[in-house]
Amino acid sequence: MIANIFKKTLIAGVLAMSAAGAYAADNIKIGSVLSVTGPAAFLGDPELKTLQLYIEKINAAGGVLGRKLELVHYDDGSDAAKANGFTKRLIESDKVDVLIGGTTTGATMAMAPLVDRASMPFISLAGAVVVIDPVKKWVFKTPHTDRMAAEKVFEDMKKRGITKVGLLSETSGFGASGRKESQIVASKYGITLVADETYGPKDTDITAQLTRIKNTAGVQAVFVFGLGQGPAVATKNYGQLGMSALPMYQSHGVASDEYLKLSGKSAEGVRLPTPALLIGAMLPDSDAQKAIVVGYDKTYKDRYKIDPSTFGGYALDALNLSVDAIKRAGGTDREKVRAALESTKGFVGTTGVFNMSAKDHMGLDLSAFRMVEVKNGDWQLLK
């Protein structure tokens, strides 16, 4: 009798473990490599918080196609080499179904060859145009490109009669690409880059470069292209040098309230292109993006008691695009998910309205950017 009871207990235990294993195997695995620590933590931290929050919400609502989402995440510490290693682990050991990440351009480009070889759908959160131009079969992205940011800035400068600009760019992947794209599109808007300075992503003083720009004959404005803390350092140094007579522009790499906190009063008057999230409450009710950006703002604040950032919005769009593609693909078959992503049309996100194609793995145009100016320590939407 004791033997029978033991046998039944053993069988029940084996069945329970088998059921648990089947359940875990049936999860849809979302892999992510983000820069949650290091110089780019300013970007990666809200990205991770967003993924965790919304995966929890999706699962609470029943999951996707009756399956739970499971986030498998690694922090690359803002190190592209680590991003490469973690991507290999996610693909080969964790066996994820979709990849979201590459907080920085450097990390994304380190990940891209691996996802291509593995035929893994990958949505990048990095800004540089090189991520999707030329088109890479398995790589998509949600942030606007650096080329678009340069064009939006130069468009605004042209309206103000600015024709001679001092460019200050970071030597990182994002900054270097932004510098290149700015050089390419400047003439299209009648802009001449009369000064061209760079700084390192870990530099704590950029006064020498700004002084050279200030002393350049004919310069009418400063355009800073970078992300993380560097642009804030440049802004503070700009203020310390008394350069307010020269309008300062930044890229979307600083579209976050954190930039205002780090820059202080020196940011007054700075202009930059931003996704709708930063100024969601200012949008008219007729704006297609207002509901999603206002909803995200409230949901994020309710959970974390802090303001969300546009970088978290990039992660939300990547997750929602992945879920939408998996639903339309009817499962996690990689080629079907990839094809579904590529055929995305009219998808409203925090970043813009996505219309992808075989020739465009981002699917945004310049209308997805809004120009803002810092007024009294806050953002003001420019008409």
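Predicted model: local features only at pLDDT ≥ 70, side-chain atom pairs only at ≥ 80, totals over all residues.
Me: Let's start with N27. Where is it in the chain?
Reply: N27 lies in the loop between α1 (2-25) and β1 (28-34).

Me: Buried or exposed?
Reply: N27 is buried, because its relative accessibility is 10% and the cut-off for buried is under 20%.

Me: Which residues does N27 touch, leaving out those up to four places away in sequence?
Reply: N27 touches R67, K68, E70 and D97. With E70 there's also a polar contact between the side chains, at 3.1 Å.

Me: OK, helices now. How do α2 and α11 pack?
Reply: Helix α2 (residues 41-60) and helix α11 (residues 310-329) pack at an angle of about 40°, and their axes are 7 Å apart. That angle makes α2 oblique to α11. The crossing of α2 past α11 is right-handed.

Me: Which residues meet there?
Reply: From α2 you've got F42, L43, P46, E47, T50, L51, Y54, I55 and I58, and they meet F311, G312, A315, L316, L319 and V323 from α11. Sorted by class, the contact of α2 with α11 has 12 nonpolar, 2 polar and 1 charged residues.

Me: And what about α5 and α6?
Reply: Helix α5 (residues 146-159) and helix α6 (residues 173-185) have axes that come within 8 Å and cross at roughly 50°. So α5 is oblique to α6. α5 passes α6 in a right-handed crossing.

Me: Who makes that contact?
Reply: On the α5 side, D146, R147, A150, E151 and F154; on the α6 side, F174, S177, G178, E181, S182 and V185. The class count for α5 with α6 is 4 nonpolar, 3 polar and 4 charged residues.

Me: Switching topic: where is the cis peptide bond?
Reply: Look at the bond from D133 to P134, which is cis with omega near 10°. P134 is in the loop between β4 (122-124) and β5 (139-141).

Me: Which residues have a positive phi without being glycine?
Reply: S78 is one of them, with phi of about 65°. K305 is another, with phi near 60°.

Me: Where do I find them?
Reply: S78 is in the loop between β2 (69-75) and α3 (80-92). K305 is in the loop between α10 (290-304) and α11.

Me: How exposed are S78 and K305?
Reply: S78 counts as partly exposed because its relative accessibility is 26%. K305 is exposed, with a relative accessible area of 67%.

Conventions: Residues numbered from 1 in each chain as written. Heavy atoms only, no water. Helix = DSSP H or I, 4+ residues; strand = E, 2+ residues; numbered from the N terminus. Buried < 20%, exposed > 50% of the residue type's maximum accessible area, 1.4 Å probe, protein only. Polar contact = N/O pair within 3.5 Å; in protein donor to acceptor, adjacent residues only side chain to side chain. Contact = heavy atoms within 4.5 Å. Axes fitted to C-alpha atoms, helices over the stretch in contact; angles between N-to-C directions. Parallel < 35°, antiparallel > 145°, perpendicular 65-115°, else oblique. Left-handed = near helix turned anticlockwise from the far one by under 90°. Nonpolar A, V, L, I, M, F, W, Y, C, P; charged D, E, K, R; others polar.
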